[in-house]
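These are my notebook entries on one protein chain.

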Amino acid sequence: MIRPCFPSDAPAICAIYNHYVRDTVVTFEEESVADADMEQRIRTVTSRLLWLAYERDGAIVGYAYAAPWHARSAYRLSAESTVYLSPACTHQGVGTQLYQALIGELRARRLHCVVGTISLPNAASVALHEKFGFTKAGHLSQLGWKFSRWVDVGHWQLML
């Protein structure tokens, strides 16, 4: 079941997200996020856009959100999207269902553009974005330093 995410979901969201912080270069955060900090992130995002949770058997196994691309007013019709899944729930269609719901809601809200930012290489994330019609709009070499190595970043863009 896909539903809106609430600040009270922060512990479950952190359980998913902090795996990626600790063990991957998917996010450039290097310290685990505390539940209280995640609560505030959820409040901030949902005050303007949306955060969705995928619940299975009463547990959150994935989430997706669209946050403002940047703070300046001219960007108000653009968003940056992201999706994270419990490692036990990858390759099961959860990400596809979350992105389908997220993009549908962004269209309903009449946003114009959504950007997916992907640390590279990341074939699964690229495939998910391209499945929904995102096209590569940019590539930044050696933008992040994590786990003693440089990581590239790509931007995929979808006009809604």
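I take contact to mean heavy atoms within 4.5 Å. On that basis, I noted that residues 24 or more positions apart account for 62% of the contacts with a separation of 6 or more in the protein chain.

I recorded that this is a predicted model, in which local features need pLDDT of at least 70, side-chain atom pairs count only at pLDDT 80 or more, and totals for chains, interfaces and linings use all residues. Residues are numbered from 1 along each chain as its sequence is written, and side-chain values use heavy atoms, with hydrogens and water left out.

**Entry: elements.** I found four helices and seven strands in the protein chain; helices (H or I, at least four residues) and strands (E, at least two) are DSSP runs, numbered from the N terminus. Along the sequence, I read the pattern β-α-α-β-β-β-α-β-α-β-β.

**Entry: burial.** I noted that 44% of the 160 residues are buried, that is, under 20% relative accessible area with a 1.4 Å probe, protein chains only.

**Entry: α1 and α2.** I looked up helix α1 (residues 10–23) and helix α2 (residues 35–46), whose axes come within 9 Å and cross at roughly 105°. Axes are lines fitted to C-alpha atoms, for helices over the stretch in contact, and angles run from 0 to 180 degrees between N-to-C directions. The two helices, α1 and α2, are therefore roughly perpendicular (65 to 115 degrees). I listed A10, P11, I13, C14 and Y17 of α1 as making the contact with D35, M38, E39, R41 and I42 of α2.

Note on methods: Parallel < 35°, antiparallel > 145°, perpendicular 65-115°, else oblique. Buried < 20%, exposed > 50% of the residue type's maximum accessible area, 1.4 Å probe, protein only.
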